[in-house]
Amino acid sequence: MKTLEIPTPECETGNYHTFCPISCVAWLYQKIEDSFFLVVGTKTRGYFLQSALGVMIFAEPRYAMAESEEGDISAQLNDQEELKRICLRVKSDRNPSVIFWIGTCTTEIIKMDLEGIAPKLEKQLGIPIVVARANGLDHAFTQGEDTVLAATTHRCPEYNRHTTDRRGGDMAKLVVADVAPNKNFTDGRDKSNRCNLVLFGSLPSSVASQLNLESRRQSVSVSGWLPSQKYTELPALGEGVYVCGVNPFSSRTATTPMRRKKCQLVGAPFPIGPDGTRAWIEKICSAFDVKPEGLRERENQIWKNLGNYLEVVTGKSVFFMGDNLLEISLARFLIRCGMIVYEIGIPYMDRRYQAAELLLLQHTCGRMKKPMPRIVEKPDNYSQVQRMHELKPDLAITGMAHANPLEARDIDTKWSVEFTFAQIHGSANAGDALELVTRPLRRRGDSTLGCRSLSRQAVDVYN
Amino acid sequence: MKLAYWMYAGPAHIGTLRVASSFRNVHAIMHAPLGDDYFNVMRSTSERERDFTPVTASVVDRHVLARGSQEKVINNISRKDEEQHPDLIVLTPTCTSSILQEDLQNFVDRASLSSKSDVIPADVNYHRVNELQAADRTLEQITRFHLDRARRRSTSDRSVTNGPSANIIGVFTLGFHNQHDCRELKRLPGESGIAVNQVIPEGGSLKYLNDLPRAWFNIVPYREVGLMTATFSEKEYGMPHISITPMGISNTADFVAQIGKLVNVWASTLSEKIFNYELYVDSQTKFVSQAAWFSKSIDCQNLAGKEAAIFGDATHAASITKILVKEMGIRVSCPGTYRKHDAERFNEQVQGLCDEVIVTEDHTEVGDTIARIEPSAIFGTQMERHIGKRIDIPCGVISSPVHIQNFPLGYRPFLGYEGSNQIADLIYNSFNLGMEDHLLDVFGGHDTKGVSTKSLSTDGGDFNWTPEAESEPNKIPGFVRGRARKNTEVFAKRSNIREITIDVTYAAKEKSSL
């Protein structure tokens, strides 16, 4: 196909700032209501969670550190016994349905055999233990969720076409409970057979039901989500089930159901922005041989509603420093909004999983008559700041380590992490995404102090 | 392994980075995996720092794991040297490098051959020390490195300054109100005719560090950071130091008296002039600081005998305890600190001021203790503020760990005479305002919340209160209502009573007033 035309990203030194992938516990423990996340590692990681997650830590979260001490590192203490003691306490205090062990750099380096210990303790404690290695040696920020979901995939019940047919009644109930009753569904009995669509990626439940609704409009019902609201309600996976991702960073999760569960992957752009959402639905429809209806009108309507925001962003330039892997989709959306993207920094670029998204990006650039932005994998923050001084973008989308210093140098910034916490998926949330992007740009007009540069740093430092 | 939800002090490398990035033109390179550079986020957000934090990571990834860092660290050092020409590069180990046991000293030796900047490895053991100890050690290390070298090159100036002068040691980034304290600290000796020679590490430049020994003496305002440096200069250069924290009226008076003592040792020989600060202290205490007058005023009368719990680092917890007890007449039932390795000195400081002392790093222990004694106000860290929220007790934040709220833009020192005003405000505003409290009680109050929520522990609540008995505690003033109810339940438990009737409440009351 067109795969060859996708530009190869450049690759820099990988000296960039991002969050440690264990930060995924922050949103996953909220998503999976009956879970407990145990981060196994040193104080460095615990302190990160504490300082990165700020206020959340005080809300009696269902996560904690199993803080390794000197005795653990030098193997004077028995890992299994130590973990057992801690998990027993977690079990008696919180009684979760599942404990996730998040492996860190520490457990990697000392080669603690979490995968080996987990099944043994699982038996002894009578509680499922899922191991995910979300460490900074291999992964960046949102990829943490990817490792957790990939590990959870193995725990999904086996989907069996025949038993499901027999339990047809149950199945129908499940789906009806999931989404508001729809005439189409009860009419076409044959449709229920082909609607074995499982979506993967953690989204707030309201956003998930919005996406369910989008696909239901095209008579494709979503049979389950990975992760589900509860661990005990994981969706069934197996031959005949289609899976589709909603987040650009879920490449491991995408391959696991394919390879291990014989599911079929629907490769689609991601439902971010009205354009992305439409392309996403179209791809799903084509997988199920459904002719999409009314998508164009719906998309146009959304764009029309976004008019005020588009006025602000059109013609403005943006620079993605790159730290959460949402960058390609966001850049594509912003180009469609009329912005010029100078550079898309991204921690890791899976060209196969993101192929459809990259094609849409290319297509969007052509359509909007904008140059194809430079894609930089494993960027070097220092060099990026130098480039930014030359390019003078209207907006830099960047981590908090750089945001204030860039603002002081008269470059407006948007904190990139907000995009991972805000609701930006689906047509209905396109406004929220643009709300984030336009906030610094709208603020700009109000500046009355007349002082543009507020940095004290000598000119030769960092430029 | 230890199950941990929250920690009061961070890991060692944070301390090193805080010291290194407080100096001007010093760059720290962390030997750490991706994502461990969150120190930059902390500094950039909490301190609202406008400049790039001079900390980069030499990233440890799979390749490093397999083959060792090899040239990577050295290349990163040389690169920083060329790009930003720092005076000093501090190679900072993290838990990862301590487990990998890479020879950082070797990297430093090789890198310093080619780089114009000085390069040193931070000498901190990840497992043995925490953030504060590491900061103390790193500050000493950097100072020692420079002074020793200056001495070898005979570029150090060891003559004392003509007029009396002092160094301020231990003010640094992400410290609790350190910026404001620093300004106040400069003012305090300034008004006493003493020049400030150097402030380190905050804003200090290594170029001028050679002049450090020229000061007559050192001031170490905080217990946590700076004492090692002060001890070092005392040994090597015979510089005395003051380690009294000038927090609160009486501590500040002691502090100034100590200054007078140290200054006069030299002054008598150098200028034959004797400094006398008694008048200064007297007028400051009476008129510049409002705290002395405040504690005498009617307002403060309402605070007399109220109870408070205190928790924080050793410096702040000890000083605030002293202020509450000695200067305001408030009962401190339980001061505590998370500085375990400084426990002995802490005990000594608060001895005779309180009933019990708690030294722990476990926030649940602190929470349970506070819930048990039910003070009228808590003075602690951000964690205690949240404990207070849960059990409905007001809390004033007096110590790190901190939050962006603890980096106010306005002038809010904790030290010196202005600091005593700020502290008085903080304390007064934390307790329910006296008259308001009183009026609420007189008119029945709006406190209709059940008292059973006023506990962090899960036991209790298995008592059956009859409706009449239930209404009984509402006749008692708000701030003792919780305790009255609890006393009743304790009494009932002891006497094996399940159902609490109105008679039981009176029996309990009689018992407790015996």
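Pairing here requires at least two bridges found by DSSP; strands (E, at least two residues) and helices (H or I, at least four) are DSSP runs numbered from the N terminus. I noted that Met65(A) has Ala4(B) as its bridge partner in E1(B).

The model is predicted, so I kept its limits in view: local features need pLDDT of at least 70, side-chain atom pairs need pLDDT 80 or more, and totals for chains, interfaces and linings use all residues. Residues are numbered from 1 along each chain as written, chains are lettered from A and ligands numbered from 1 in written order, and side-chain values use heavy atoms, without hydrogens and water.

Next I looked up the contact (heavy atoms within 4.5 Å). Chain A gives 75 residues and chain B gives 54 residues. About 5600 Å² is buried between them, 59% of it from carbon and sulfur atoms; this is accessible area (1.4 Å probe) lost on being put together, summed over both parts.

I then checked charges. Six salt bridges link chain A and chain B, each a side-chain nitrogen of Lys or Arg within 4 Å of a carboxyl oxygen of Asp or Glu. One of them joins Glu108(A) and Arg62(B) at 2.5 Å, N to O.

Last, I turned to chain B. Five strands form an open parallel sheet, ordered E12-E11-E10-E13-E14. Its edge strands are E12 (358-359) and E14 (395-397). Thr337(B) stands opposite Val359(B) in E12(B).

Definitions and conventions. Buried area = accessible area lost by both parts, 1.4 Å probe.
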